[in-house]
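Visitor: I would like to learn how to read a structure like this one, feature by feature. Could you show me the model and then take me through it?

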Amino acid sequence: MEIFANRVNEADRVFMEFVGMISDVLSDDNAPEALRHQVLQLAVVFTCSINQLSPGAYFLRRDLFPCIAKVITSPDTQRFTFEASLLLSILANFHKSDAAKLNPYLQRIGATQDTELMRKICWAAGFALDAAVKAYQEISDDSIPTFTKSVGALFTSLLPDRALAMQPLDLPREILKTQPIEATVSLLPVFEFLFFNPLFPRVLVDMIHKPSDSKQSALVPPLAYNILSLSSYVLTHASSSASPRTLAYANLAMNTLLVMSENAYIMSVFCKPTSSKEAIRLCRQRLPLLPVPSPTRAPICALLDCCVLWLRHNLHKRLEVYTFTTCIWACHRIIWYLQKARMRLEYDWLELWKAVVDLLGFLSGKLDSLVTTGGIERLVQESIRLLDLALRRADLFLPTPTAVHEFIYEVVRSSAVIGKQTLLLQSLGQPTSVDRGASLRSDSVSEALSRVLATTAYYEGKLASADTRSAKDAFRTVSKDIDQNGLHSAHDVDDTDPPKHAEDVVSIIRVACTDGLALMT
């Protein structure tokens, strides 16, 4: 502060004049566009440089939201929306965890009804996230093979210099060190508006089918789809480098997906089949690959695929427990919405069931060697709740009898893993805890686990009495019993909407400031 103000007692005057200058220039329609852009960039560089240091408090004394919004919505300066929305999100995150009620930018983001402002932010973020997706794809072409592409690849591989040069599917960690690119920071203002503003989700999904204003915009998928595409890459490769930066973006992406899954309007749109012209490109750069999607499947399937990718590829000793729990919450919320709406979703559900069971198996088998900051008990509890809800309502949201049979068989096949969760929860439990909420949660999970185990025991009894000798015989026996007697696990479920778990993400701000500064220099 002495460097900027010469003397500490002059700091208030100098910094308030600085903030006032930024406000005046950005608000001035008569100021040259180049000058307004330079001042905007100066504000971004300054706020990103000081991050959470005390000089940032001067930006809370004078509300810059009107002039930032003016830059975004003005035809002369709307091309600077990326920088303006970044500045807004950095200001909104200043000491958010301890001074959120005093932050005017958070209040403005939550209260604004300026849909033009929101559309411009979606437009700019769409371009930025599309660039981030393409950066992953440039490292390795993971597009779904077509007949023409397959024939071309075959002939290419027969060339002498290419015969031994097949590109591996699992990419080396070194290649991914620069991913995601800095433009991914554009997801932060999108999350802020999604989380705080009740109108923004409608604007976001309404833009899916809105005609583009320009040929350039028409080449970029809608922002809602780009969020799903980028999330698939970020979540697939998050633990590849295990850097705090990649994990911070993975946490932001997963929380964005959770907010979307907890919004009824977004879910109503995402659960409808979409046109193949507006494809969502999901990551196919690590084995095992996801099944090839139908060109007209509902976007919510892509969201579930993102969750499957996270569950599959991030089971490491240094476990990101909170992001795993957020993932399970998102899956639970989607299934809850589908069963309540009596909507049978065409999706490769078996991939999800296997991923959840593998998570439980990993937790019960590796507990002693895991490096975490806690939360394992909650993760196990929420995973059990997810299986319990799915078992009790399987006939309401699974698309076909075969899908129901596969689910029940997978649960029965995994009965040993599920049975271990009883001992795991007992070892993690804290009977001396005075947290009444934790105690009630533990009781309800015990009931849920008992129902799941009762289901597995019932069908294991059927298999024992049928004297099955192969997996096919076992599947046939389970399927026959379900067809004749219905689901043994079907029980009434309370129709009250479960509590929303989405939380504000405060851990991303340091990464956002670093990437914002890199983009400006």
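Guide: Gladly. Let's begin with a charged pair: Arg469 and Asp467 form a salt bridge, with 3.9 Å between their closest N and O atoms. A salt bridge here is a side-chain nitrogen of Lys or Arg within 4 Å of a carboxyl oxygen of Asp or Glu. Salt bridges that share partners also join Lys96, Glu192 and Asp504 into one network.

Visitor: What should I keep in mind about where these values come from?

Guide: This is a predicted model, so local features need pLDDT of at least 70 and side-chain atom pairs count only at pLDDT 80 or more, while totals for chains, interfaces and linings use all residues. Residues are numbered from 1 along each chain as its sequence is written, and side-chain values use heavy atoms, with hydrogens and water left out.

Visitor: Are Arg469 and Asp467 buried or exposed?

Guide: Both Arg469 and Asp467 are exposed. The classes rest on relative accessible area with a 1.4 Å probe, protein chains only: buried is under 20%, exposed is over 50%, and partly exposed lies in between. Of the 521 residues in the protein chain, 51% are buried.

Visitor: How many salt bridges are there in the whole structure?

Guide: A search of the whole structure gives 24. One of them pairs Asp12 with Arg61, at 3.9 Å between the closest N and O atoms. This pair links distant parts of the chain, as Asp12 belongs to helix H2 (residues 11-27) and Arg61 to helix H4 (residues 58-61), 49 residues apart. Asp12 counts as partly exposed because its relative accessible area is 40%, whereas Arg61, at 52%, is exposed.

Visitor: How many helices and strands does the protein chain have?

Guide: The protein chain has 26 helices and zero strands. These are DSSP runs numbered from the N terminus: helices are H or I with at least four residues, strands are E with at least two.

Visitor: How do I read a residue in a loop?

Guide: Check its position, its cover and its partners. Ile181 lies in the loop between helix H10 (147-157) and helix H11 (187-196). Its relative accessibility is 22%, so Ile181 is partly exposed. Contact means heavy atoms within 4.5 Å; beyond its neighbours within four places in sequence, Ile181 touches Ala131, Ala132, Ala135 and Arg245. For the protein chain as a whole, 80% of contacts between residues at least 6 apart in sequence join residues at least 24 apart.

Visitor: And how many disulfides does the structure hold?

Guide: In general, a disulfide is a covalent bond between the sulfur atoms of two cysteines. The test used here is a pair of cysteine sulfur atoms within 2.5 Å, and the structure holds zero disulfides. Cys306 is in none, its nearest cysteine sulfur being that of Cys307 at 6.9 Å. Cys306 is buried because its relative accessible area is 0%. Cys513 is in no disulfide either, with the sulfur of Cys48, the nearest, 4.7 Å away. At 1% relative accessibility, Cys513 is buried.
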